[in-house]
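Here's a quick briefing to read with the model open in your viewer.

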Amino acid sequence: MGTMAAKRNHRKARVVVEQLGAHLGAEITGVDLSQKIASADMTAIHKAFVKHSVLIFRNQELSQAQYISFGRQFGELTVHPFATSLPDHPELIVLDNDGESPPLSTDQWHSDEMFRAEPPSATIIRSTITPPIGGDTLLASMTAAYSGLNPALQDFYANLEAVNDFKVFRALYQGTYEGRKKLVEMEELFPNSTHPVVRVHPVNRKRLIYVSPQTTKYIKGVRDFESEQILQMLYQLPEVPEYQFRVRWEPNMIIIWDNRSTQHYAPRDYLPHRRRMERLTVKGDKPFGAKKKMKSTVVEMNVRGTDKAEKTGSHRKNLARPAAKMTK
Ligand SMILES: [Fe+2]
C-alpha cells in the first residue's frame, strides 16, 4: 500500500493546461475533480492558477460534499458574513437568481470580500443551472492593468492606500431598528480595512491594482475631490477589453479565480431566466504593498484618513447574521 501511494505521489502530472486568454484564463483537462487530486496534478494546477489567474474545468459532475472537498484542497474555506449559505454547509454560498430574485451588485467590477483585513485568495464557482442566453462571468487581470500604466502613474499609485468597507451590504440592514442594531455589530466585526492601492501578489510577487467600487471608500491622506478622481481613474482599468477574459457557462463547469490578481463582473443580462451557481471561498492573507507606509501629508485641511469606523473593532467570536436574506 505504502509503495503504491508513494508511486502515485511521485508520478508525473497528468493534467493538461491550455492557455485561453492573453493575460488570464486557462482550461484544465485530464482530471476528475470528484476524486482526491494526486499531488503532482495539484502542483501543476496550483502553478497554472497563479500563472493564468482563472482556471476552467468542464464536465465535472460532483456531489456537494465532493465539491467542498475539492475546494478544501486549495486551503481553508471561509463563511461569507452577508451571503445566504446552506445551513449544513455554511461555507457554500448558493447564487440562485431569476426575474423574481435578481442578484445584488454583481454587475460591478470587484474582487470578493475586500472589506476583510485578510480578503480571500481564491473564489470557486460551479454552475448547476445555466440560462439559455447571457449570465457570463467577466474577469479582468489587475496585474495586466498595473503593467499597462505609465511608469509615472505606477509609482504615484504605489504610494497610496485605500480604505475599504462592506458598503454594498449595508443595504441589507436598512429599514428597521433591529436591522440598524445588527449593522453596528457587523461594523465591529468588520471594521474598515486599509489596503495598499498597488498590492504585491504574495506568490508571484507581481504588482496589481487593488481598489474596487464595491468596497473602496476613499484614498487615505488626500482631500475628498482628489480621492474621488484618483478612484475614478482606477475603476476604469478593468473595463479595458485587453485586460479581460469572459467565461461562457455550461452545466457542470467549475472555475476558480485568483481573487488577489483579478476582478470580476457578472452581468444581469440573463434575467428573467434562472441561473444557479454554488460558490466556495478560500481564506487569504493580509495584502501588502510595494512601498513602505505612505508618508504623512502636509495638507492639513479636509484630509481623509481618520474615520470613526476604522477605529472601532473589538472582534466578537460569534458572527451576527443579517436580518434580511440576501439574494446575490
Ligand atoms: Fe463576486
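Does Asn252 count as buried, partly exposed or exposed, and how many C-beta neighbours does Asn252 have inside 10 Å? Asn252 counts as partly exposed, because 15 C-beta neighbours lie inside 10 Å, and being buried would take 20 or more. Keep in mind that this is a predicted model.

**The chain as a whole**
- The chain holds eight helices and 15 strands.
- Of its 328 residues, 37% count as buried.
- Take the contacts between residues at least 6 apart in sequence: 84% of them join residues at least 24 apart.

**The sheet β8-β7-β11**
- This is an open sheet of three strands, ordered β8-β7-β11, with antiparallel pairing.
- The edges belong to β8 (193-196) and β11 (216-219); each has a single partner strand, so one side of each is left without a neighbour in the sheet.
- From one strand to the next, the twist averages 30 degrees.
- Strand β7 covers residues 161-164 and is joined to β8 by four bridges, the two running antiparallel.
- If you want a pair to click on, Glu161 stands opposite Pro196 in β8.

**The sheet β12-β6-β14**
- Here, too, three strands make an open sheet with antiparallel pairing, in the order β12-β6-β14.
- At the edges stand β12 (244-247) and β14 (262-265), each with a single partner strand, so one side of each has no neighbour in the sheet.
- Neighbouring strands of this sheet are turned against each other by 25 degrees on average, ignoring direction.
- Four bridges hold the antiparallel pairing of β6 (residues 137-141) with β12.
- Within that pairing, Ala140 sits opposite Gln244 in β12.

**The β1-β2 hairpin**
- Strand β1 (residues 16-19) runs antiparallel to strand β2 (residues 26-29), and four bridges join them.
- Glu18 stands opposite Glu27 in β2.
- The hairpin has six residues between the strands, and Gly25 in this hairpin takes a positive phi near 105 degrees.

**Backbone spots to check**
- As background, most residues other than glycine have a negative phi, and most peptide bonds are trans.
- Which peptide bond is cis, with omega near 10 degrees? That's the one from Leu271 to Pro272.
- Pro272 has its place in the loop between β14 and β15 (275-282).
- Arg205 has a phi near 65 degrees, a positive value in a residue other than glycine.
- You'll find Arg205 in the loop between β9 (198-200) and β10 (207-209).
- Is Arg205 buried or exposed? Arg205 is exposed, because 8 other C-beta atoms lie within 10 Å, and the exposed class takes in counts of 12 or fewer.
- Back to Asn252: its phi is near 60 degrees, again a positive value in a residue other than glycine.
- Asn252 is in the loop between β12 and β13 (254-258).

Technical notes:
Residues are numbered from 1 along each chain as its sequence is written. This is a predicted model: local features need pLDDT of at least 70, side-chain atom pairs count only at pLDDT 80 or more; totals for chains, interfaces and linings use all residues. Two strands pair if DSSP finds at least two bridges between them. Axes are lines fitted to C-alpha atoms, for helices over the stretch in contact, and angles run from 0 to 180 degrees between N-to-C directions. Two residues are in contact if their C-beta atoms, placed from the backbone, lie within 7 Å.
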